[in-house]
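Please look through the charged side chains of the structure shown here, and consider how they pair with one another. The paragraphs that follow take these pairs in turn.

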Amino acid sequence: TGGASNDFFDYPTLGVDKNSLYIGGNMFANGQSFSGSNMWVVNKANLIAATPSLTVTSFPHGVTGTEIYTPQGVHNDDPSATFGYFAGASRLYNSKLIIKRISYSGSTPTLSADLPLATPTTSAPKTVPTLGGTAIDGNDRRLCAAMIKKNKIDNTANLWVAQGTILNSSGIGGSGDRDGALWLEIENLTTAPSIRQSATLYDGVNATSSAIYYTYPTIALSGQGHNVMGFTSAGPTKYAQASAAGRYRTDPA
């Protein structure tokens with residue numbers, strides 16, 4: 001359903017809401033050269049029916065001409081949601097995300113044009129040195145997860161994402177000597193998406209020789225509006241390990 005039989009389908013993603021499953025991935029022609037990112041929408045009702053069937057709508061890169069890179073299907077627990085979403089980095093520009101909105105005519109999904117969103121300055125993360133002596137691939141600007149969570153206190157349903165970036169000891173992205181994690185809360189999803197709040201998690205204390213790197217970040221929200229980030233932390237004086245950080249709903253924006 002879209003693509004070619006000789007394409008390699010890399011880094012599949014998955015998002016689920018009340019209507020559909022949202023699957024994205026990067027396509028490599030003949031298993032070698034990157035040719036673009038594809039998206040698929042799977043009808044959820046048909047999938048979980050007593051007699052399941054797989055009803056799939058494809059949105060191949062050759063048809064959409066999308067700028068999105070590694071389209072991440074968006075999880076959404078809002079029972080009143082009427083749209084689905086993909087979110088991902090721009091494959092052409094730093095400091096830019098692309099959102100794709102899925103709408104429905106009956107049960108047939110249609111894909112919006114690219115919805116661009118300028119972000120604080122980002123660039124591809126560095127390779128991560130570790131105390132163990134083995135460097136870790138710092139990944140790139142792709143999103144590792146995306147979530148819309150209904151905040152049951154104020155009834156907002158915004159998109160939360162996190163993205164790795166190279167930055168300096170002042171938390172300024174684009175260049176530097178360490179990696180950090182930018183997170184964003186994105187609102188106005190049904191019209192023109194915009195950033196409600198954002199911040200960057202980074203080591204602003206240690207010198208280059210002992211800097212802690214934060215990579216592969218994800219972020220999730222609870223029903224009470226609190227959030228938690230999960231990521232890998234490592235550095236020249238630290239073994240690679242799982243780490244987390246949290247914020248309360250009542251913390252300042």
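A salt bridge is a side-chain nitrogen of Lys or Arg that lies within 4 Å of a carboxyl oxygen of Asp or Glu. In this predicted model, there are eight salt bridges, and one of them joins the side chains of Lys152 and Asp77, with an N to O distance of 3.9 Å. The two partners come from distant parts of the chain, 75 residues apart, since Lys152 sits in the loop between strand E11 (146-150) and strand E12 (157-167), while Asp77 sits in the loop between strand E6 (75-76) and strand E7 (84-90). Lys152 counts as exposed because its relative accessibility is 52% and the term applies over 50%, whereas Asp77, with a relative accessible area of 34%, is partly exposed. Asp77 and Lys152 also belong, together with Lys149, to a network of salt bridges.

Finally, Asp177 forms a salt bridge with Arg178, in which the closest N and O atoms are 2.8 Å apart, and both Asp177 and Arg178 are buried.

Key
Residues are numbered from 1 along each chain as its sequence is written. This is a predicted model: local features need pLDDT of at least 70, side-chain atom pairs count only at pLDDT 80 or more; totals for chains, interfaces and linings use all residues. Side-chain values use heavy atoms; hydrogens and water are left out. Helices (H or I, at least four residues) and strands (E, at least two) are DSSP runs, numbered from the N terminus. Buried means under 20% relative accessible area, exposed over 50%, partly exposed in between (1.4 Å probe, protein chains only).
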